[in-house]
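Subject: Structure for your files

Hello,

Here is the structure I promised to pass on. My notes on it follow below.

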Amino acid sequence: MDIAAILTLVCLALPQAATFIRNVGPYTVPDPDLHTTTAYALATGQSFNSTRMVTDSWGNVNKRLVISGDERYLTGQLPYNKSLGDIIGNPLQMDETIVAQRNQLSESGKTITAYPRATQYMFVAYVPQAIGLDIGWSLGKSPYTTLQIARLCNFIFYLALGITSIALIPQCKWLATVILSLPASIFAASSLMTDGTFLAMSMLAVALILRIRERDVCVNMSSLVALCLVFGFLIFGKILYASAALLVLVFPSRVMSPRMKIRFVCCMAFFSFVYLIWGYVYSGGFFNVNYGVNREYAAHHILKTVVLVCNNIVFMPQTLVTSDIYSIGSVGLIICVWLVTHFYTRSSARQAYSPREWISRYRYALASMISIGLSLVATVLFVALTWNDLEHTRAFGPLLGIQGRYILPLLPLLAPMIPSRKCD
């Protein structure tokens with residue numbers, strides 16, 4: 001089954017990635033200025049440069065990394081900004097801006113000093129893209145070709161993580177294959193974005209957890225190190241996706257001793273501390289409203305904020321299907337949910353359990369649902385505070401800025417909802 005699932009992933013991923021790389025320009029992604037400049041800063045050794053305070057049109061004061069280099073990589077990306085749904089709506093159609101991007105990147109570029117938002121995410125998530133840029137420069141390729149090589153490196157890294165995850169995961173291999181081969185997943189992986197890497201790392205984390213659960217033996221130091229490294233990457237990449245660490249804490253004591261859990265928690269605390277220090281010194285985001293005013297309003301109108309966030313989470317599937325092009329991706333998600341529900345119901349119907357036994361048996365499913373819930377709340381609340389004028393937004397109204405790609409790294413958490421073949 002390992003070989004069949006891995007071959008299926010490769011056969012589905014390769015043609016999709018080739019199509020996206022060939023038909024879609026490197027700058028045609030959500031937030032192209034963010035991804036290109038962050039990778040450029042890492043590739044040129046400027047990720048720890050000084051920052052400059054910049055005030056945007058909404059009155060927010062943000063940190064911006066000071067980067068010197070080729071203007072073709074540091075400016076001119078914003079006109080090609082598109083949502084993921086708009087891009088993959090017709091993947092066989094050539095990107096109408098690809099000629100303009102080729103021409104823009106073929107012009108001679110001068111050295112400039114720019115202040116892009118290259119620190120919205122920590123640089124570790126852009127290692128594959130940075131390696132691709134360095135390869136392109138060492139081969140003397142044009143900027144356009146160099147960016148395409150960076151995309152290819154990003155995809156290779158994603159595919160390697162995906163194959164490793166399928167090989168490790170003891171069950172749900174086809175569920176993992178479906179999630180990893182969704183068009184939205186493959187496009188994110190074959191672009192300059194980090195969303196594909198977040199998804200693959202999330203899948204690898206779940207695979208490690210399920211493998212430990214299935215083996216049902218005490219966690220050794222090598223397994224602990226592997227868990228810490230994967231979750232450390234998620235913390236450095238996008239900390240809200242590290243909520244899956246909750247599954248590690250529900251391991252029974254025979255699988256993971258209290259001492260091992262304390263070590264894991266200490267590692268997570270250390271990584272979080274490092275991330276917070278980096279964020280304090282470097283992090284600078286992007287806001288579509290005055291964040292300070294929104295935060296103060298939310299603090300004084302807690303009930304409205306809670307209702308608004310919960311309401312948008314409940315209606316998120318309908319919102320994504322109607323406003324974001326997830327026609328194929330949504331079908332895949334529905335199939336995944338159906339599989340989880342199907343196997344969960346069949347397993348539950350075989351035997352009656354006391355409440356305590358039921359909680360013990362389905363501890364991983366409960367932890368997964370809590371992790372998904374926490375991540376969704378954090379995501380929607382962040383979007384509410386940074387993209388919407390809360391004072392003029394109805395409590396039961398829609399929020400702007402919610403995108404389907406935000407939930408891609410949460411899909412692997414569907415796998416632990418399928419009960420283990422072994423009873424805990």
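The largest pocket holds about 1,200 Å³ of space. A pocket here is an open set of points on a 1 Å grid over the protein atoms alone, where a 1.4 Å probe fits, with protein on both sides within 12 Å along at least five of seven lines; lining residues have an atom within 4 Å of a point. The volume is the space filled by probe spheres set on the points, which are joined across faces, edges and corners.

This is a predicted model, in which local features need pLDDT of at least 70 and side-chain atom pairs pLDDT 80 or more, while totals for chains, interfaces and linings use all residues. Residues are numbered from 1 along each chain as its sequence is written, and side-chain values use heavy atoms, leaving out hydrogens and water.

The lining of the largest pocket comprises 45 residues, with Q120, Y121, K238, F382 and T386 nearest its centre. Helix α19 gives the most to this lining, seven residues. (Helices are DSSP runs of H or I, at least four residues, and strands are runs of E, at least two, numbered from the N terminus.)

Strands β1 (residues 51-55) and β2 (residues 61-65) pair in the antiparallel sense over five bridges; pairing takes at least two DSSP bridges. V54 has N62 in β2 as its bridge partner. Five residues separate the two strands of this hairpin, and G59 in the turn has a positive phi of about 95°.

Regards
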